[in-house]
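Student: Hi! I'm new to this one and would like a tour. Where shall we begin?

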Amino acid sequence: MKKVIIIGCPGSGKSTFGRMLKNKTGLPLYHLDMLYWNEDRTTVEKSVFLDRLKNVMKTDEWIIDGNYASTMEMRFAECDTVFFLDYPTEVCIEGVKSRVGKPRSDIPWIETDAIDDEFLSFIQNYNTVNRPKVVELIEKYSDKNVIVFKSRKEADEYIGE
């Protein structure tokens, strides 16, 4: 395991799992949100984001957490291991609610507001809109080591927490 992606619905705990995996393996961890967002909640230009991501992917070892559908297949093609946090919608909504007001290393600001309706709708529709695309990529890249967790307990047991 040298090149790892962690994907799943927002609120599933991709960044938290990434930090635990980094601690266990020593692999460098990169958060897509940190490559994409500025501290003032604006985004970098798409070309800047892609350059940042490609520079990470050129290195010999990495863990990249995040979805970003437009770059997901590129990451699938380059990784050797995929962790898919395939949790129920309610778990993910609770995960997003629980991080409001807490500093995080995976995003350059502190969430101070409740979940906005657009983001909540994205989470609620993830399993019907986005999950099938993830499953399709998992099937397409069947040569990868794919680990699917159905609960936080499974992920914690894998890490040894």
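Tutor: Let's begin with α1 and helix α8 (residues 152–159), which pack at an angle of about 10° with their axes 10 Å apart. Axes here are lines fitted to C-alpha atoms, for helices over the stretch in contact, and angles run from 0 to 180 degrees between N-to-C directions. Helices (H or I, at least four residues) and strands (E, at least two) are DSSP runs, numbered from the N terminus. Please keep in mind that this is a predicted model, where local features need pLDDT of at least 70 and side-chain atom pairs count only at pLDDT 80 or more, while totals for chains, interfaces and linings use all residues. Residues are numbered from 1 along each chain as its sequence is written, and side-chain values use heavy atoms, with hydrogens and water left out.

Student: Are α1 and α8 roughly parallel or roughly antiparallel?

Tutor: They are roughly parallel to each other; angles under 35 degrees count as that, over 145 as roughly antiparallel, 65 to 115 as roughly perpendicular and the rest as oblique. Their crossing is left-handed, the near helix being turned anticlockwise from the far one by less than a right angle (clockwise would be right-handed).

Student: And which residues meet there?

Tutor: From α1 come Phe-17, Met-20, Leu-21 and Lys-24, and they meet Ala-155, Asp-156, Tyr-158 and Ile-159 of α8. Contact means heavy atoms within 4.5 Å. By class, this contact has 6 nonpolar, no polar and 2 charged residues. In that scheme Ala, Val, Leu, Ile, Met, Phe, Trp, Tyr, Cys and Pro count as nonpolar, Asp, Glu, Lys and Arg as charged, and the others, Gly among them, as polar.

Student: Nice. How do α5 and α6 pack?

Tutor: Helix α5 (residues 89–98) and helix α6 (residues 117–129) pack at an angle of about 155°, with their axes 9 Å apart. That makes α5 roughly antiparallel to α6, and their crossing is right-handed. On the α5 side the contact is made by Thr-89, Cys-92, Ile-93 and Val-96, and on the α6 side by Phe-119, Leu-120, Ile-123, Gln-124 and Asn-127. This contact of α5 with α6 has 6 nonpolar, 3 polar and no charged residues.

Student: What about α4 and α7, at what angle do they pack?

Tutor: At about 25°, with their axes 11 Å apart. That makes α4 roughly parallel to α7, and α4 passes α7 in a right-handed crossing. Met-72, Glu-73 and Phe-76 of α4 touch Val-134, Leu-137, Ile-138 and Lys-140 of α7.

Student: Switching topic: how many aromatic pairs are there?

Tutor: The count comes to 12 aromatic pairs. Rings of Phe, Tyr and Trp (its six-membered ring) pair if their centres lie within 6.5 Å, and planes under 30 degrees apart count as stacked, over 60 as edge-to-face and the rest as tilted. Tyr-36 and Trp-37 have ring centres 5.5 Å apart and planes at 85°, so that pair is edge-to-face. Phe-76 and Tyr-141 form a tilted pair, 5.7 Å centre to centre with 35° between the planes.

Student: Are Phe-76 and Tyr-141 buried or exposed?

Tutor: Both are buried, which means under 20% relative accessible area; exposed is over 50%, and partly exposed is in between (1.4 Å probe, protein chains only). There is also one aromatic cluster, formed by Phe-17, Phe-83, Phe-149 and Tyr-158.

Student: Where does Cys-9 lie?

Tutor: Cys-9 lies in the loop between β1 (3–8) and α1 (14–25). It is buried, with a relative accessible area of 3%. Not counting residues up to four places away in sequence, Cys-9 touches Lys-14, Asn-67, Leu-85, Cys-92, Ile-123 and Tyr-126.
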